[in-house]
Amino acid sequence: MKRALTAALLVAVAALLLAAVAELPPHGSPDSPPYTHVSAYYLEHGPDEAGAENMVTNVILNYRGFDTQGEVTVIVTAMLAVLAVLLWTGQAEGDQPGPAPAATGSSLVVRFIVRVMAPFIAVFGIYVILHGHVTPGGGFQGGTMIGALVIALTLVLEDTRSAALLPRRPARLLQVAAPLTFFGVGVIGLVLWGEYLYYPRDPSSLWITELLLLVVEAGIGLGGAIVIATIFRVMGAQR
Amino acid sequence: MIDALWQNLDYAASVVLFCIGLYTVITRENLIKKFMGLNIMETAVFAFIVALGVVEGGDAPIAGSGAAPPFINPLPQALILTGIVVAVSTTALALSLIIRIWRQCGTIEADELREAE
């Protein structure tokens with residue numbers, strides 16, 4: 001009975017969605033509505049007025065900078081919520097801990113490979129962060145790589161050495177690096193040009209825009225990496 | 001309709017992926033598996049929206065030497081980058097809540113939790 005209901009629901013949802021999808025303009029046609037309105041403007045004027053050759057970076061950091069500032073705030077808020085959920089010990093006596101996970105060390109192969117690869121992953125992550133305006137990539141992507149590197153090192157190193165990897169007090173400051181950088185750059189725009197998160201658009205001062213975008217990318221990358229590493233560390237910690 | 005679907009095969013593929021995720025959410029009792037189903041649904045939506053921006057014969061939307069129009073639409077890619085980050089945040093929060101449930105109740109199977117109530 002339950003199976004029949006599930007199958008009926010899935011078929012109904014799939015039929016509805018497929019019918020809707022069949023009505024869309026053909027895939028890849030240059031006349032489809034998403035392509036002909038605001039994107040055309042971005043593609044035409046982006047490289048000359050927004051400061052980055054990569055138009056995705058232009059959209060994220062310049063044209064829709066407010067959106068991205070909200071986004072980095074979302075990551076930090078999620079991290080704070082994770083910390084609150086996992087470290088909260090209000091009713092410690094009522095908790096019945098589940099069975100403790102078996103402690104297993106990582107194998108020699110994993111330890112060796114992670115150690116050999118670590119510097120290359122770090123360099124590639126930094127490259128992706130700092131070249132986000134001319135090649136595919138940017139703060140979020142590179143930050144995720146650095147964060148994954150910290151996680152991999154945490155898995156293979158002994159506890160004392162992996163704790164030194166991400167010292168508590170600097171980490172606390174760096175966790176909010178992304179929103180703080182956005183706020184700082186926004187205030188620079190407010191003071192110099194009278195608009196929050198404003199970037200100069202005339203070709204003569206385009207280098208200022210590029211510099212500001214670079215600062216924001218670096219802040220997003222650093223903050224994102226630390227947030228990911230922190231979330232992982234809190235989840236893995238034994239209470 | 002079959003012709004139109006064949007033309008929009010990329011969109012149809014994301015519909016299939018969406019249904020796989022929905023199936024997982026409905027049928028699995030393990031909370032982590034349920035949430036992974038939700039993540040599959042999210043991925044389907046992301047793939048669909050990114051596919052909306054594809055242009056036949058388009059170049060990557062990066063100006064500079066050697067780049068020539070038509071470019072792929074940069075807007076869906078930028079929006080989906082935001083979406084992915086928010087999905088990661090919600091995943092982290094949901095997993096931490098599941099860890100909390102595991103510590104409190106010793107199980108993360110939805111049916112066992114319902115019985116224990």
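Trainee: How many residues does the contact take from chain A and from chain B?

Mentor: This is a predicted model, in which local features need pLDDT of at least 70 and side-chain atom pairs count only at pLDDT 80 or more, while totals for chains, interfaces and linings use all residues. Residues are numbered from 1 along each chain as its sequence is written, chains are lettered from A in the order in which they are written, and side-chain values use heavy atoms, with hydrogens and water left out. With contact meaning heavy atoms within 4.5 Å, the numbers taken are 56 residues from chain A and 52 residues from chain B.

Trainee: How much area do chain A and chain B bury between them?

Mentor: Buried area is the accessible area (1.4 Å probe) that two parts lose on being put together, summed over both. Carbon and sulfur atoms carry 70% of the area that chain A and chain B bury, which is about 4,800 Å².

Trainee: Which residue forms a salt bridge with B:Glu29?

Mentor: A salt bridge is a side-chain nitrogen of Lys or Arg within 4 Å of a carboxyl oxygen of Asp or Glu, and the rule finds 1 across the interface of chain A and chain B. The closest N and O atoms are 4.0 Å apart, and the partner of B:Glu29 is A:Lys2.

Trainee: At what angle do helix α4 and helix α11 of chain A pack?

Mentor: Helices here are DSSP runs (H or I, at least four residues), numbered from the N terminus. The axes of α4 (residues 55-63) and α11 (residues 206-236) of chain A lie 11 Å apart, and the angle is about 90°.

Notes: Axes fitted to C-alpha atoms, helices over the stretch in contact; angles between N-to-C directions. Helix = DSSP H or I, 4+ residues; strand = E, 2+ residues; numbered from the N terminus.
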